[in-house]
Amino acid sequence: MITPSSAAVNSCSCTKQNVADALADRNARLKARIEKHPCYSEDAHHHYARMHVAVAPACNVQCNYCNRKYDCANESRPGVVSETLTPAEAAHKVLVIASKIPQMTVVGIAGPGDPLANPKQTFETFARIAEKAPDIKLCLSTNGLNLPEYVDQIKELNIDHVTITINTIDPEIGARIYPWIRWQRKRISGIEGVKILLERQMDGLQALQEADILCKVNSVMIPGINDQHLPEVNQAIRERGAFLHNIMPLISAPEHGTHFGLSGQRGPTPREIKEVQDQCAGNMKMMRHCRQCRADAVGLLGEDRSQEFTKDKFMAMSAEYDPEQRQILHARIELRKQELTEEKEKLRGQNLKATPKVLVAVASKGGGLVNQHFGHAKEFLIYEVDGNTVSFVGHRKIDHYCQSGFGEEASMKGILQTIADCRAVLCSKIGACPQEQLRSAGITPFEDYDSIESVARKFYQQFMETELEVDYALQTL
Ligand code: CLF
Ligand code: SF4
């Protein structure tokens, strides 16, 4: 018999179940939208590649950290590009790369100017790619000034990922970052222009949320200008539905010819960046694996292959885009990702006691593995490890140690400075000489070839068994 009270209980548990189902369904759909995007998913960035097509030369804003005239093949920062392309050339390049690098799943337009200050080229390029290669995700990165009027077009073209660079929500701070904007055919300087820009950025963000388009916000951290203010930016974007926040360091050197470079404005240290990221991390998902790509970058994040595909080279290559082959490879990658997740779950520590946290530097060519020789690494992935977790905290660029078959002493000096706060380097191989130098600097060289999670844990176990014992012995002397 159903009594009124049991009916109430049943309807209550039914409602709870419905809510749980709806949440699970929403999470599954969200997962499907990001699982092959190397920027939106930290896991994906070990396995999937992105490429940018540089079809957007003009810009409608001047940022004090940008100089689009500067070009160098070794230079990696937004706004920098070797050659701009027409939409037809860009679409051909995408098809060529989709066959040569089948793990490439995302095409972004990120410059060298602002994609929405070049709407004709940008949208024509996306339309051509969507027609020929519908399995590739489309991604757009903008300063936000023109965003509100293009949200409908973005939605129509199924561009599911949009990044807005928002460095501040305070016009006074903005006036120190943006000297002018170009708006309705006029140049508007100072605070008046900044107010328009900031308002348009927030309106654009809100409109993206209403259109159910995933939005990431990039913020350039500029010490002494917006560093203390970034948690406020974080709160404002969270309230307007941003999916991910990417706080990245100002890149600034006199030779770049930017206002900040020439005026001696410094960028933040890795520690300063981590502190602000950690401060904001309780509130929303933070991106920590950004490589501040060039506007013509190609490959896995951290591995730029743009020089293999310069215009003269890719125009001579045929587009052998094969969706079935790509699908087979992606299914294999998904299987591998699943294995790594299961392994991670198995390895997860059961240590209820707090254990010391240490940083380790990892040499990896991708795949979520420790699989690179120390001397070949051009960057280290930095992980924080304790008895329970292995968490990715960032990456640090270095000059690789092994040059023309020999160890480069100047590089070693820089490497030791860059990873001075790390307790170990995890790599697949390392020579006797750099081993010695690392040890003298208090950094353990740790050779292995396995998943990052598993090698980090093996190192940590050894660290707890040996190094802490040594520390203890020293303390009791
Ligand atoms: Fe390119 Fe940007 Fe799309 Fe990624 S990059 S347009 S979201 S496909 Fe990625 Fe490069 Fe960082 Fe950008 S690592 S700079 S966040
Ligand atoms: Fe450079 Fe982008 Fe700023 Fe334009 S919006 S000046 S391209 S960094």
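**Note on the predicted model: cavities, ligand shells and contacts**

1. The structure holds two cavities of 30 Å³ or more. On a 1 Å grid over the protein atoms alone, a cavity is a set of points where a 1.4 Å probe fits but cannot get out. Lining residues have an atom within 4 Å of a point. Grid points are joined across faces, edges and corners, and a volume is the space filled by probe spheres set on the points.

2. Ground rules. This is a predicted model: local features need pLDDT of at least 70, side-chain atom pairs count only at pLDDT 80 or more, and totals for chains, interfaces and linings use all residues. Residues are numbered from 1 along each chain as its sequence is written, chains are lettered from A and ligands numbered from 1 in the order in which they are written, and side-chain values use heavy atoms, with hydrogens and water left out.

3. Confidence. Mean pLDDT (the predictor's confidence in each residue, from 0 to 100) is 88 for the protein, and 90% of its residues reach 70 or more. Residues 1–9 fall below 50, and this stretch has one contact (heavy atoms within 4.5 Å) beyond near neighbours in sequence. Residues 70–75 also stay under 50. For them the model has 16 contacts beyond four places in sequence.

4. Second largest cavity. Its volume is about 80 Å³. Eleven residues line this cavity; Glu83, Lys93, Asp296, Phe309 and Thr310 are the closest to its centre. The lining has four nonpolar, four polar and three charged residues. Here Ala, Val, Leu, Ile, Met, Phe, Trp, Tyr, Cys and Pro count as nonpolar, Asp, Glu, Lys and Arg as charged, and the others, Gly among them, as polar.

5. Ligand 1. It is surrounded by 15 residues (a heavy atom within 4 Å), the closest being Cys39, His52, Cys139, Cys290 and Cys293. Seven of the shell are nonpolar, six polar and two charged.

6. Ligand 2. Around it are Cys59, Val61, Cys63, Tyr65, Cys66, Arg68, Pro112, Gly113 and Asn143. By class, that shell has six nonpolar residues, two polar and one charged.

7. Second largest pocket. A pocket is an open set of points with protein on both sides within 12 Å along at least five of seven lines. This one has about 1100 Å³ of space. Of its 38 lining residues, Glu42, Asp43, His46, Thr341 and Lys344 are the closest to the centre. Two or more residues each come from α1, α11 (323–347), β14 (390–397) and α14 (452–475). Helix α11 gives the largest share, nine residues. The classes are 13 nonpolar, eleven polar and 14 charged.

8. Aromatic pairs. Rings of Phe, Tyr and Trp (its six-membered ring) pair if their centres lie within 6.5 Å; planes under 30 degrees apart count as stacked, over 60 as edge-to-face and the rest as tilted. The count is seven pairs. Tyr40 and Phe243 have ring centres 6.1 Å apart and planes at 20°, so they are stacked. Tyr40 lies in the loop between α1 (4–34) and β1 (49–52), and Phe243 in the loop between α7 (230–239) and β9 (244–249), so the pair ties together parts 203 residues apart in sequence. Helices (H or I, at least four residues) and strands (E, at least two) are DSSP runs, numbered from the N terminus.

9. Gln437. This residue lies in helix α13 (residues 432–440). Leaving aside neighbours within four places in sequence, Gln437 contacts Tyr401, Glu409, Met412 and Leu416.
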